[in-house]
Amino acid sequence: MQKPTIDDATCIQRVMVNEGCVLKSYKDSVGKLTIGIGRNLDDNPLSEEEICYVGHNCRTKFISNDQAAYLCRNDLKKVRADLDRELPWWRDLCPDRQYVMIDLCFNMGICTLLTFKRTLNSIAQGYYAKAGEQLLQSKYAKQVGKRADRNAYALRTGVYLIQLPRES
């Protein structure tokens, strides 16, 4: 039996904590044109349907919060499809660990995520503490800081927290 799936509203809220929400396009830390809730326009330009919804291609004009959420929902749909195709076992995880998989794929894309073979293997086998440690040892963790800390904590505990408890 398939476990419950984490909903879009929760995912958008959490991704927004990690990505922020910027309503005018800007160059991100690696020089990619980005808008909304982490939408990389260079690698993931708007579809014709999205252009019709927003009214423009987002490269020079502002968008609204509702439009940013719409684009993020579409990005999440693609992320889920990528995970279903490449790592179908992700749906069997508890909702907060499902979110970690969504966030990893959202942040780095499925191709880069698939290079995390040891971490993915540990998650698939249920070795969550080990997976959390492996994630924290990666270049990704050094690049994204607290985002990786939150994801590793959720892997270890099965509970995703925006504000992590202080280590004693």
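Student: What covers the buried residues of helix 1?
Tutor: Helices (H or I, at least four residues) and strands (E, at least two) are DSSP runs, numbered from the N terminus. Buried means under 20% relative accessible area, exposed over 50%, and partly exposed in between (1.4 Å probe, protein chains only). In helix 1, the buried residues are Thr10, Cys11, Ile12, Arg14, Val15 and Asn18. Their cover includes helix 3, helix 4 and helix 8 (146-157).

Student: Before we go on, what kind of model is this?
Tutor: Residues are numbered from 1 along each chain as its sequence is written, and side-chain values use heavy atoms, with hydrogens and water left out. Local features need pLDDT of at least 70, side-chain atom pairs count only at pLDDT 80 or more, and totals for chains, interfaces and linings use all residues, since this is a predicted model.

Student: In what order do the elements of the protein chain run from the N terminus on?
Tutor: The protein chain has eight helices and three strands. Read from the N terminus, the order is α-β-β-β-α-α-α-α-α-α-α.

Student: What radius of gyration does the protein chain have?
Tutor: The radius of gyration is taken over C-alpha atoms, and the globule rule is 2.2 Å times the number of residues to the power 0.38. Along its principal axes, the C-alpha trace spans about 45 × 40 × 25 Å. For 168 residues, a compact globule would have a radius near 15 Å, which agrees with the protein chain's 16 Å.

Student: What share of the contacts in the protein chain with a separation of 6 or more comes from residues 24 or more positions apart?
Tutor: Contact means heavy atoms within 4.5 Å. Counting those with a separation of 6 or more, residues 24 or more positions apart account for 51%.

Student: How far apart are the end C-alpha atoms of helix 1?
Tutor: The expected span of a helix is 1.5 Å times one less than its number of residues. Helix 1 has twelve residues (8-19), so it should span 16 Å, and this agrees with the distance between its end C-alpha atoms, 15 Å.

Student: How many aromatic pairs does the structure hold?
Tutor: Rings of Phe, Tyr and Trp (its six-membered ring) pair if their centres lie within 6.5 Å; planes under 30 degrees apart count as stacked, over 60 as edge-to-face and the rest as tilted. Here the number of aromatic pairs is three.

Student: How many residues apart in sequence are the parts that Tyr53 and Tyr70 tie together?
Tutor: Tyr53 and Tyr70 are stacked, at 3.8 Å centre to centre with 20 degrees between the planes. Tyr53 lies in helix 2 (residues 48-54) and Tyr70 in helix 3 (residues 65-86), so the parts tied together are apart in sequence by 17 residues.

Student: What kind of pair do the rings of Phe116 and Tyr140 form?
Tutor: Phe116 is buried at 16% relative accessible area, and Tyr140 is buried at 4%. Their ring centres are 6.3 Å apart and their planes stand at 85 degrees, so the pair is edge-to-face.

Student: Over which ring does the charged end of Arg97 sit?
Tutor: A charge sits over a ring if NZ of Lys or CZ of Arg is within 6 Å of the ring centre and within 35 degrees of the ring normal. Arg14 lies over the face of Tyr99, at 5.3 Å from the ring centre. For Arg97, the distance to the ring centre is 3.6 Å, and the ring belongs to Tyr128.

Student: How far apart in space are Ala154 and Gln98, C-alpha to C-alpha?
Tutor: Ala154 lies in helix 8 and is buried at 0% relative accessibility. Leaving aside neighbours within four places in sequence, Ala154 is in contact with Asp96, Arg97, Val100, Val159 and Tyr160. Ala154 and Gln98 are 56 residues apart in sequence, while their C-alpha to C-alpha distance in space is 9.6 Å.
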